[in-house]
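The structure is shown below, followed by the points grouped by topic.

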Amino acid sequence: MSTLLGATALCAVAGLASAQDTTITIATVNNGDMIRMQGLTDDFKSKNPGIEVEWVTLEENVLRQRVTTDVATKGGQYDVMTIGTYEVPIWGKQGWLVSLNDLPAEWDADDILPAIRGGLTVDDELYAAPFYGESSMVMYRTDLMEKAGLEMPEAPTWDFIKEAAAAMTDKDGEIYGICLRGKAGWGENMAFLTAMSNSYGARWFDENWQPQFDSDAWKSTLTDYLDLMNNYGPPGSSSNGFNENLSLFQTGKCGMWIDATVAASFVTNPTDSSVADKVGFALAPDNGLGKRGNWLWAWSLGIPAGTQKEEAAKKFVAWATSKDYLALVAENEGWANVPPGTRTSLYENPEYQKVPFAQMTLESINAADPTNPTVDPVPYTGVQFVAIPEFQGIATAVGQQFSAALAGQMSAEDALAAAQTLATREMSRAGYIK
């Protein structure tokens, strides 16, 4: 009897030890909301004893390269990956991600905003849980706009943006009328430029998958972008991505910044932003053609197929993307710092409705239409990307051409010609065009 009890006790101890040995590795991007999540991980561990968390935090372009390589080769480095609306449908279709349809009922999948949930679903299977959702909008200095004698419309045009950028620029005072993404990358400068090009009537491909960089619409897009940045943007802008422009705006060096709606909580946070009480918001600009230059994205948590720690990974994903997590952030950091753009219930919350950028964020998300992203018909879905596997490589190469043009290493015409040549070559190789 005592031997049996002893054996049972040993088994219990062994079981406890193995539970305590469960460590999940999470790859994430170095954005503020993810850094905040890491600081709150003790809440997860207290609710899930025996699961340890190891973080791999990477710059956006590096993260995309590493998780793509790992999931495609079934490398097994990560148990949870921070991935976006571009990757999820493609990888889900290829069987590279674990379905999350079996997350607990209290997680409440029906509460996810339809626009965000739709982008993460394939054949009714949810393949990633949104941590935060975003579109893009204009963030601007209200004091500088007033000083310039201008008033920002709720729905500005690109012509107004040009006028305001000129009026707010004071290079001697190190204040630049506009800050935009210039760093090369399919999710960096090409996310911005693709969304901008939609409002100019441009397309990546026509209905026969022929690249369209030789069109007048793309020439107008890139020419106006380069004019804005060269005349009214900060020096060295070809190296600036989301985080670099965020820092510039927070330190008072940008009159306007057109970028992710998620940045609103950071530019209005008095702890980090010297201009927190002088920020206004407007919809992304248009050109009167029926499309605004705003995108649709969700940074989401997905679980690669083949992980040995699926159960623990699902517990973490459910925790980090839950209503309770939003309440936890609100309790610790205030409602303005809650990850936005994922849940209907958040936008119905009276406390959150008081946040100055909440309504503009929701309107921007709802205004984006991934199924009809352009003025003229296209064979693809996606607003700031084209939802085909080849896009990542092609757009990174195109982004390098456009970043080189911004750095003054080539003309807009040469950059567009190079983009047309390389896109045509790659689409021919992939069999889209003959």
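In this predicted model, the side chains of Lys183 and Glu244 meet in a salt bridge, with 3.1 Å from N to O. Lys183 is buried, with a relative accessible area of 16%, whereas Glu244 is partly exposed at 30%.

**Other salt bridges**

- The whole structure holds 25 salt bridges.
- Asp102 pairs with Lys314, their closest N and O atoms lying 2.8 Å apart.
- This pair links distant parts of the chain, 212 residues apart: Asp102 is in the loop between helix 5 (87–93) and helix 6 (114–118), and Lys314 is in helix 13 (residues 310–320).
- Asp102 is exposed, with a relative accessible area of 52%, while Lys314 is buried at 13%.
- Lys45 forms a salt bridge with Asp42, with 4.0 Å between the closest N and O atoms.
- Both Lys45 and Asp42 belong to helix 3 (residues 41–47) and are three residues apart, about one turn of the helix.
- Lys45 is partly exposed at 28% relative accessibility, and Asp42 is exposed at 56%.
- A network of salt bridges links Asp33, Arg36 and Glu333.

**Helix packing**

- Helix 9 (residues 189–199) and helix 18 (residues 391–406) have axes that come within 9 Å and cross at roughly 85 degrees, which makes the two helices roughly perpendicular.
- Asn189, Met190 and Leu193 of helix 9 make the contact with Ala395, Val398, Gly399, Phe402 and Ser403 of helix 18.
- Of the contact residues, five are nonpolar, three polar and none charged.

Conventions:
Residues are numbered from 1 along each chain as its sequence is written. This is a predicted model: local features need pLDDT of at least 70, side-chain atom pairs count only at pLDDT 80 or more; totals for chains, interfaces and linings use all residues. Side-chain values use heavy atoms; hydrogens and water are left out. Axes are lines fitted to C-alpha atoms, for helices over the stretch in contact, and angles run from 0 to 180 degrees between N-to-C directions. Helices (H or I, at least four residues) and strands (E, at least two) are DSSP runs, numbered from the N terminus. Angles under 35 degrees count as roughly parallel, over 145 as roughly antiparallel, 65 to 115 as roughly perpendicular and the rest as oblique. Contact means heavy atoms within 4.5 Å. Ala, Val, Leu, Ile, Met, Phe, Trp, Tyr, Cys and Pro count as nonpolar, Asp, Glu, Lys and Arg as charged, and the others, Gly among them, as polar. Buried means under 20% relative accessible area, exposed over 50%, partly exposed in between (1.4 Å probe, protein chains only).
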